[in-house]
Amino acid sequence: MFRKIRSFALPLLLLFLLAAAGEACTTILVTKGASADGSVMVSHSDDNDLMDQRIIYVPAQKHAPGTVREIFCTAAAMGEFPQYNTFSYPRMVTSKRGPGYDTKGPATIPLGTIPQVPETFAYFDGSYGIMNERQLMFGECTNGAKAAPGPEPGRRIMYSAELSRIALERCTTAREAIRLIGALIEEYGLYATGETLPVADTEEGWILEMAPSPEGTGGLWVAKKVPDGEIFVGANQFRIREVDPDDPDMMFSENLHAVAQKHGWWKPEDGKLDWLKTVSLGEYNHPYYSLRRVWRVLSLAAPSKNFSPWVKDGFTKDYPFSVKPDKKLGVRDVMRLHRDHYEGTEFDLTKGTAAGPFGYPDRYYGPYDGAGDVGDPKRKLGGAWERPLSVTYCGYVFVNQARGWLPDAIGGRMWLGLDKPSDTVFLPFHVGVTGLPRSVEVCDTTKFSRESAWWTFNFLANYAGLKYSSMHEEIAVLQERLETGFLNALETVERKALDLYRTNPSGARAYLTDFAERNTAETLEQWHDLTDRLIVKYNDGLLTEGGKIGQPLGYPQEWLKTTSWPSGPTSYEKPAGK
């Protein structure tokens, strides 16, 4: 158990339930012994509606003695905070985190500061920190929690977004990152939602979960190591259960038990503290919003376990913390998990009335849909959609790989998919690059731009909804060709980079940066070409190809039977009863 830096005694904070969250994500961790190539993998789909979709390269920096590090509020937690110039876009404006964030607009006002360290590492950043140049990496998903206070300077200035960034700036291992984050939570206070952060390095992976404290300052947290040879999935619900003080593979806040007992959340006679039951109301948004995804990933990875998709309630223990997969997973296996819509199951979103005639799997949420915690007794649900891994409101998705047998600059890879997983392509970027392509670092979701890689993928993903069953097939073909091609090309690219690195590390980094630039540009060109071709091919619901223009396609017969078409006007006689 990690000991906190110092304790606080502050007044009680008024609590409130979080009515809605800006993000609802899925995150997966694959340990070294569970991966096909021996890498450790962390993935995250940032299902963030239309927030800031830029992926920013934050460079390594040196800092003068006495410098402070500013802590910014985040709109990803509880919405916008205009008083701090914190918006859905841009997520922050500052000159102190490299050129990517030194943009137009009012500078973001910090909630507070912490002492800066002499040197910080370079890293990839999104709504949350992604991966640094030393192959430390994070995932993330938001969870409901009993306490959900807003930020307050002097009492609560930390949220998982800034915590993950600070760890990437300063740490090289998962254990080091957890200890640092735990100390920061306890000293500077945690606000907003509950959070799950997979954190991993080249050797091991841990799950760090945190929740605001009912004390009004500090925070509660617990971390558990994922056993080597197993995989973990989190989907908007805490996944750690019993907290065992004698387990060497667990860490937690020193005051966890005392605070939980004081506020009636747990008592010693209950036995070991159940983290999920103690700090949350159960599942998030609506029944099976979280657990269906957990079931799906575990059942696809380990079908031999015969996990049932049905459970008693949101506090079920039917799904283990982690599981050994039947077969070791490759990086594209993890990508496929994120692309899933329950195809082939009783929950298949490409089937049924709501999927329309062309098997469209996305569902649009409205004000009548649930939000916040299932445990809120004031909530009533008129209905609900199944919640798949791939959703139309995904901003970006990545699969990170840490490979300890290679130098950090080459071993660390971020496979980045912009927009929803099912209809994007995962682009590879090594952590040793000196920058990311401009197309990746620019995106304002209120203004369409052909300069933006995100808009390139988002446009085709939306357009494909017009005739999804046909257009998605063609998207999938290009996905397969490109991603398989990337993996084949990387064998040669990394071999050359390694040869360069032995005598000229900076030359190797420049080579990897140039590869990323060219590869991204060429991929976007092919995506534009596919978009242009599909616009012509399926124009006006017709088929134009092979020199034949406007061939009628119509609708599938099975779907036609569910419409008014069979009883439509096939003669001039007035139908009986009309």
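**Cavities, a buried aspartate and the cores**

Me: Which residues line the second largest cavity?
Reply: Its lining consists of P361, D362, R363, Y365, E386, P388, S390, V391, T392 and Y393. Please keep in mind that this is a predicted model.

Me: How much space lies in the second largest cavity?
Reply: The second largest cavity holds about 60 Å³.

Me: And how do the residues of its lining divide?
Reply: The lining of the second largest cavity has 5 nonpolar, 2 polar and 3 charged residues.

Me: Let us look at D362. Where is its place?
Reply: D362 sits in the loop that runs between helix 7 (331–338) and strand 17 (396–402).

Me: Is D362 buried or exposed?
Reply: D362 is buried, because its relative accessible area is 4%, and the cut-off for buried is under 20%.

Me: With which side chain does the side chain of D362 make a polar contact?
Reply: The partner is the side chain of Y360, at 3.1 Å.

Me: Leaving aside neighbours within four places in sequence, what is D362 in contact with?
Reply: On that basis, D362 is in contact with H341, S390, V391, T392 and K420. Among these, S390, V391 and T392 also belong to the lining of the second largest cavity.

Me: How many cavities of 30 Å³ or more does a search of the whole structure find?
Reply: The search finds 2.

Me: What lines the largest cavity?
Reply: There are 14 lining residues, and M51, T74, A75, A76 and R91 lie nearest the centre. The lining comprises 7 nonpolar, 3 polar and 4 charged residues.

Me: Changing topic: which residues touch the most other members in the largest nonpolar core?
Reply: Within that core of 114 residues, these are I55, F124, W275, M414, L416 and F429. Helix 11 (residues 468–503) supplies the largest share of this core, with 9 residues. Apart from it lies another core of 46 residues, which includes A76, F138, A174 and L208.

Me: What is M414 in contact with, leaving aside its neighbours within four places in sequence?
Reply: M414 is in contact with I55, F124, I130, F398, V399, N400, L427, P428, F429 and L436. Of these, I55, F124 and F429 are also named among the core residues that touch the most other members.

Definitions and conventions: Residues are numbered from 1 along each chain as its sequence is written. This is a predicted model: local features need pLDDT of at least 70, side-chain atom pairs count only at pLDDT 80 or more; totals for chains, interfaces and linings use all residues. Side-chain values use heavy atoms; hydrogens and water are left out. A nonpolar core is a set of buried Ala, Val, Leu, Ile, Met, Phe, Trp, Tyr and Cys residues joined through side-chain atoms within 4.5 Å. Buried means under 20% relative accessible area, exposed over 50%, partly exposed in between (1.4 Å probe, protein chains only). Helices (H or I, at least four residues) and strands (E, at least two) are DSSP runs, numbered from the N terminus. Contact means heavy atoms within 4.5 Å. A polar contact is a pair of N or O atoms within 3.5 Å; within protein, one must be able to donate a hydrogen and the other to accept it, and residues adjacent in sequence count only if both atoms are side-chain atoms. On a 1 Å grid over the protein atoms alone, a cavity is a set of points where a 1.4 Å probe fits but cannot get out, and a pocket is an open set with protein on both sides within 12 Å along at least five of seven lines; lining residues have an atom within 4 Å of a point. Grid points are joined across faces, edges and corners, and a volume is the space filled by probe spheres set on the points. Ala, Val, Leu, Ile, Met, Phe, Trp, Tyr, Cys and Pro count as nonpolar, Asp, Glu, Lys and Arg as charged, and the others, Gly among them, as polar.
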